[in-house]
Amino acid sequence: MTNAAAPDRRTLSDKLMQGLGAALLARRSLRHQVVFALSAIVLSTALRFALNDALPPGFPFLTFFPAVMLTLVFSSLRSGLAVGVACGVIAWYFFIEPVRSLAITPGAIVALLLYALIIATDVVFITAAGRALEQRMAAEQRANALATSRSLMFSELQHRISNNLSTVAALLRLQSQLVADETARQALVASQTRIRSISLLQRRLHSPDLQTLDAAEYLREVLHDVVEVTGAGDVNLDFSADSLPLPHDTAVPLGLIASELVMNAIEHGAPEGRDTEITVRLNVDAATPDGRIPATLRIVDQGPGLPEGFDLETSDSLGLIVARQFATALNGQLTLAKGKDGGTVARLDFLIDPTSI
């Protein structure tokens, strides 16, 4: 009960402070100031008369202090000063000996000086609080404007980078159309596909709206982009993934590894005379004792499988070299093997450290 009540008290306190801040900064009309000041004078005077018989001697200003403070907060500085002067005169006339007189006696002078000191202190502190709130709001507005400006600049920078990568990919496509050698042409096409894939990956990863990054949604979008940029219209991608939070420094290599393996499956894993079937699975296991989360990415095709004597470590395929290097960056292990029913099974085992998210 205590833990549940504490946030409620903090919330109530925050709302109270916000309300007082708004009241201090509000600008009221002249009519509001006059009506509020007159009401404060009348009500405080009536209350002081009502309490006169119940109070011992020596409390002439008891009900007038709150009236002045409330007027300073909920009306204005000048109406608060007017209420302070009016209430001081009323207290002097009706509640300071000799009563019903404005006689200047030593006792009256001391009482009025103390009253003036307290009212002046209230005025100084409430005015200073209002000025401080104004400065804070101005600083927050400047900070928000700066944050918005930086966000726009960041978005523009990311947009330009993505456009530049797309331009490079387009140039490679034009160049590939002018190359007669089939091997060189395929290399240019592969490079174009990788650059377009990186461009789309970069745009998704650095979206200004991106607050959290979930591996399932992220990989689904990235691999959909890969199939699209390869131009392979006969690819059926069967994708399924467990939810897994990703830090950005892990998302980049993971996205590139998945992209390269799917491109490799599209290129080499097509059964003759049939559509390309690619299965992608991301499985997440229970956390290890040190808090890290094990995950496995499997990409399976239905193609002819790996050639005899294939060795991932010595393969000269650029895509597999890229995937192997990024697997090392993830502190993961990448393997390629023949499937039980044919085809190729690419498997990446890696760990996610939640403290880096």
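Let me begin with a definition: a residue is buried if its relative accessible area is under 20%, exposed if over 50%, and partly exposed in between, with a 1.4 Å probe and protein chains only. The model before you is predicted; local features need pLDDT of at least 70, side-chain atom pairs count only at pLDDT 80 or more, and totals for chains, interfaces and linings use all residues. Residues are numbered from 1 along each chain as its sequence is written, and side-chain values use heavy atoms, with hydrogens and water left out.

I turn to the aromatic residues. A pair of aromatic rings is described by the distance of the centres and the angle of the planes. Rings of Phe, Tyr and Trp (its six-membered ring) pair if their centres lie within 6.5 Å; planes under 30 degrees apart are stacked, over 60 edge-to-face, and the rest tilted. The structure holds eight such pairs. One of them joins Phe61 and Phe65, a tilted pair with 6.2 Å between centres and 50° between planes. Phe61 counts as buried because its relative accessibility is 7%. Another pair, Tyr93 with Phe94, is edge-to-face, at 4.8 Å centre to centre and 85° between the planes. Tyr93 is partly exposed at 31%, and Phe94 is likewise partly exposed at 26%. Over the face of Phe95 lies Arg48, at 4.3 Å from the ring centre; the criterion is NZ of Lys or CZ of Arg within 6 Å of the centre and within 35 degrees of the ring normal.

Next, the backbone. Helices (H or I, at least four residues) and strands (E, at least two) are DSSP runs, numbered from the N terminus. In the loop between α4 (77-95) and α5 (106-178) we find Pro98, joined to Glu97 by a cis peptide bond with omega of about -10°. The loop between α4 and α5 also holds Arg100, a non-glycine residue with a positive phi of about 55°. Arg100 is exposed, at 56% relative accessible area. Asn331 also has a positive phi, near 55°, and is placed in the loop between α9 (318-329) and β4 (333-338). Its relative accessibility is 71%, so Asn331 counts as exposed.
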